[in-house]
Amino acid sequence: MGAMPKQEIADEEGYSFAYLDEQTKRMIRRCILKAVAVPGYQVPFGGREMPLPYGWGTGGMQVTASIIGRDDTLKVIDQGADDTTNAVNIRRFFARVAGAPTTEATAEASIVQTRHRVPEDPLREGQIIVYQVPQPEPLRPLEPREIECRKMHAYKEYGLMQVSLYEDIARFGEIATSYSYPVMVNDRFLMSPTPIPKFDNPKMDDFPALQLFGAGREKRIYAVPPYTKVKSLDFDDHPFAVQQWEEDCALCGAEETFLDEVILDDKGGKMYVCSDSHYCARRRAEGHRGYLSEGAAEAYAAAVGADAGGANADEEA
Amino acid sequence: MYVAVKGGEQAILNSHKLVAEERRGDPAVPELSMAQIKEQMQLAVDRVMTEGSLYDRDLAALAIKQAQGDLMEAIFLLRAYRTTLTRFGETLPIDSAAMAVRRRISATYKDLPGGQVLGPSYDYTHRLLDFALAAEDGVGEPQAACAERPVEAAVPRVTDILNHEGLIEEEIALNDEVPVGDLTREPLRFPAGRDLRLQNLARGDEGFLLALGYSTQRGYGRNHPFAGEIRLGEVAVEFVPEELGFAIEIGEITVTECQMINQFAGSAERPPQFTRGYGLSFGHCERKTMAMALVDRALRARELDESIEYPAQDEEFVLYHSDSVEASGFVQHLKLPHYVDFQSELQLIRSLRRRHDRDRKEAAE
C-alpha cells in the first residue's frame with residue numbers, strides 16, 4: 001500500500017487528498033485489512049457517496065482512494081482498455097484529486113483499477129489490482145435475500161450454486177455462465193470474481209499481487225491475498241474450461257488473449273483484436289504482427305474511428 | 001456499436017461543454033439566478049434537500065440549476081457534496097410539538113387543541129392552468145390576509161392526545177444507551193432498526209415510496225391508515241457542544257411531519273390499540289412524508305407479529321431499492337461498455353447453437 005500522504009490537501013481546492021476525508025480512508029483501510037485476513041469474505045463498509053454514479057466504479061474508487069499515496073502510479077482499465085470513456089474519466093479523477101501519476105503500462109503501475117478484466121500481462125508481487133464490483137454476492141441470482149445469503153456463507157452451504165451449475169449441464173450440455181463465473185477462495189468462501197469473463201478466472205489463482213474488490217452501492221469490500229487458492233467451480237466430468245477463439249488477434253497476432261469482436265461492415269465482416277489495449281500495443285511495438293498485419297491498423301481505425309497506431313501508450317504519464 | 005464508446009478525454013470535455021451550452025439555453029433569455037430558484041421553486045428545493053439529506057437551500061438551488069432542473073441529478077450532486085463534510089456530532093431530537101406551525105391538519109378530529117390550520121396547500125386549488133402567471137409582467141406581490149388571531153402557542157400532537165387514553169402505542173422512548181445509527185457512515189444491515197429504516201425512507205425516492213404506500217392502501221399490506229396529523233413549520237435545532245455541556249440553539253429548520261394512525265387488532269401480549277407510522281422531511285414535502293409514514297408502518301409487520309406477504313412489508317426489498325442515487329446509478333451503468341461480457345455471451349450462445357444443431361441432426365438421423 002502507498003505511504004500515508006504527507007500533505008492533506010490535494011491540488012483540487014477544498015477536497016482532501018484523494019477526495020475522501022482521512023477518517024473515511026482509515027475506516028476503509030481497516031475493512032481492507034479484515035478482508036485480507038479472511039480471503040473471499042465480504043466485509044460490510046460504510047461506503048460513501050462518490051462524485052461518480054453508483055455502478056460506475058464507486059467501490060473500486062473508494063478502495064483506490066484509501067490506498068493511493070504520493071508514490072503510487074495508477075492504471076485504470078475498463079473492458080481491458082485504457083481508452084474507454086469510463087476508464088479515462090476515473091483516471092482523470094485521481095490525477096485531479098490525488099495528483100497521481102498515471103500510466104497505461106501494466107508493469108509500471110503500482111495500482112491497477114479495473115472493470116471487467118484482468119490484464120493479460122502478469123502482475124507481480126507488490127502490485128495491487130482493484131476490481132470494481134457491481135454485485136459482490138455470488139449467490140444473489142439464486143437467493144435475493146441478504147440475510148439468507150449471509151447464513152449460507154457462514155455455514156459454507158453452497159449446494160444451491162452446485163445445483164444451479166448442474167442444471168445448466170442438464171439443459172445445455174455445459175455450464176452456461178461465461179462471466180461472473182463463481183470461484184471458491186481458499187477452500188472456504190464462495191466469491192464473485194466480478195463480471196470478468198471466465199477466461200480471466202485462472203489468472204486469479206495463486207496470483208502474486210494483492211487483489212482487492214470494492215462494491216460501492218452494495219457497500220462491501222473483499223480481498224484475495226497474494227498466492228491464495230482461487231478455484232472455479234466445476235464437476236469431475238465437466239471440468240472448468242475457458243473461452244477459446246478460432247482466430248488470433250488481427251493486429252498483434254496474439255493467440256492466447258481475450259479477443260473483442262470488431263464489426264467492420266453490415267455484411268458480417270468482422271475482425272478480432274485483443275481486449276487488453278496496452279498488451280496489444282506493446283506487442284505491436286515489439287514487432288508482432290497479426291494476419292491483417294499492414295492493413296490491420298487502418299481497418300481497425302476505420303471501424304472504431306480512433307488512432308490504432310497505439311504504440312505510444314504513455315500519453316498521460 | 002459498442003466500440004464507439006472508446007474515445008478519449010477530448011470527447012468527455014466536449015460533452016461537458018455541450019451540457020453547459022444546453023443548460024444555458026437561448027442566451028437571449030436572462031439567466032436563472034439561484035435566488036430565483038430558491039424563492040420561486042421552493043418545493044423543488046425542499047425535495048432536493050430532503051432526499052439529498054442536506055439542509056442548505058442555497059446549495060440545493062445551485063444543484064437544481066446545475067442539473068437543468070433534473071431533481072434526481074440535483075439530489076445526487078448534493079449527496080456527493082454532503083459526503084465530504086465533517087460530521088461534528090448529533091443534535092438533540094427536534095421537538096415538533098414546539099413547532100412554529102404554519103400548517104397543521106388532522107383527519108381524525110374535527111376540532112382539537114391548537115385547531116386546524118390549513119396554511120399553504122394545493123389541496124383545494126382547482127387544477128386549472130393559471131394564465132395570469134404566464135403574463136410577461138408577472139403576478140406582482142400577492143398578499144395573503146392575516147388571521148384574526150395568531151396560531152396558538154401550544155399545538156399538542158394528536159398522537160399525544162390519544163396517548164392519554166392509552167389507545168395508541170407508546171412512542172419508543174429515547175434511549176441514551178443505544179446510539180442512533182447513521183447509515184451514511186455505517187452500511188445498512190438487516191434486520192434494520194427503526195432509526196436506520198426512517199433514515200433510509202427519509203432519503204428515499206418520493207416516487208418509489210409513493211407507489212409502495214399506495215400499494216398498501218390498495219390491499220398489498222393493508223393496515224387501515226388515518227392521517228392523524230400533518231404539520232408544517234419551523235423548529236429549533238439544538239446541539240450540545242462538548243466544551244459547554246449544555247444545549248444551545250444553532251438554528252431553525254423547516255420540516256413537514258406526518259403521524260399516521262393505524263389499526264392493530266392486538267396479540268396475546270398486547271391489547272388492541274392504534275399503532276403509528278411516521279414520516280418527516282426537510283421543508284414542505286407533504287406527499288413524501290405521508291408515503292413514508294405508510295411504508296414505515298408496513299415495515300413494522302415483523303415487530304407487530306403481522307404476516308409478511310407484500311412488497312411494502314419486505315424490509316430488504318424496500319430499503320435496498322428506495323435510494324434514487326443508487327438506483328439511478330446502477331440502472332444507467334448499463335450505458336457503460338459491456339463488450340467483454342457481451343463477447344463472452346456471444347461465444348457461449350454460438351457454442352450452444354452449434355450443440356443444438358448437432359443434437360437435432362443426430363436426432364434426425
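Pro241(B) lies in the loop of chain B that runs between strands β2 (225-239) and β3 (248-262), where helices (H or I, at least four residues) and strands (E, at least two) are DSSP runs numbered from the N terminus. The model is a predicted one, in which local features need pLDDT of at least 70 and side-chain atom pairs count only at pLDDT 80 or more, while totals for chains, interfaces and linings use all residues. Residues are numbered from 1 along each chain as its sequence is written, and chains are lettered from A and ligands numbered from 1 in the order in which they are written.

Pro241(B) counts as exposed because 12 other C-beta atoms lie within 10 Å; the term exposed applies at 12 or fewer such atoms, with C-beta atoms placed from the backbone.

Elsewhere in chain B, the axes of helix α3 (residues 42-52) and helix α4 (residues 57-66) come within 9 Å and cross at roughly 105 degrees, so α3(B) and α4(B) are roughly perpendicular to each other, a term for angles of 65 to 115 degrees. Among the residues that meet here are Val48(B) and Met49(B) of α3(B), and Ala60(B) and Ile64(B) of α4(B). The residues of this contact divide into 8 nonpolar, 1 polar and 1 charged.

Between the chains, 49 residues of chain A are in contact with 40 residues of chain B, contact meaning that C-beta atoms, placed from the backbone, lie within 7 Å. On the side of chain A that touches chain B, α3(A) gives the most, with 5 residues.

Technical notes: Buried ≥ 20, exposed ≤ 12 C-beta atoms within 10 Å, placed from the backbone. Contact = placed C-beta atoms within 7 Å. Axes fitted to C-alpha atoms, helices over the stretch in contact; angles between N-to-C directions. Parallel < 35°, antiparallel > 145°, perpendicular 65-115°, else oblique. Nonpolar A, V, L, I, M, F, W, Y, C, P; charged D, E, K, R; others polar.
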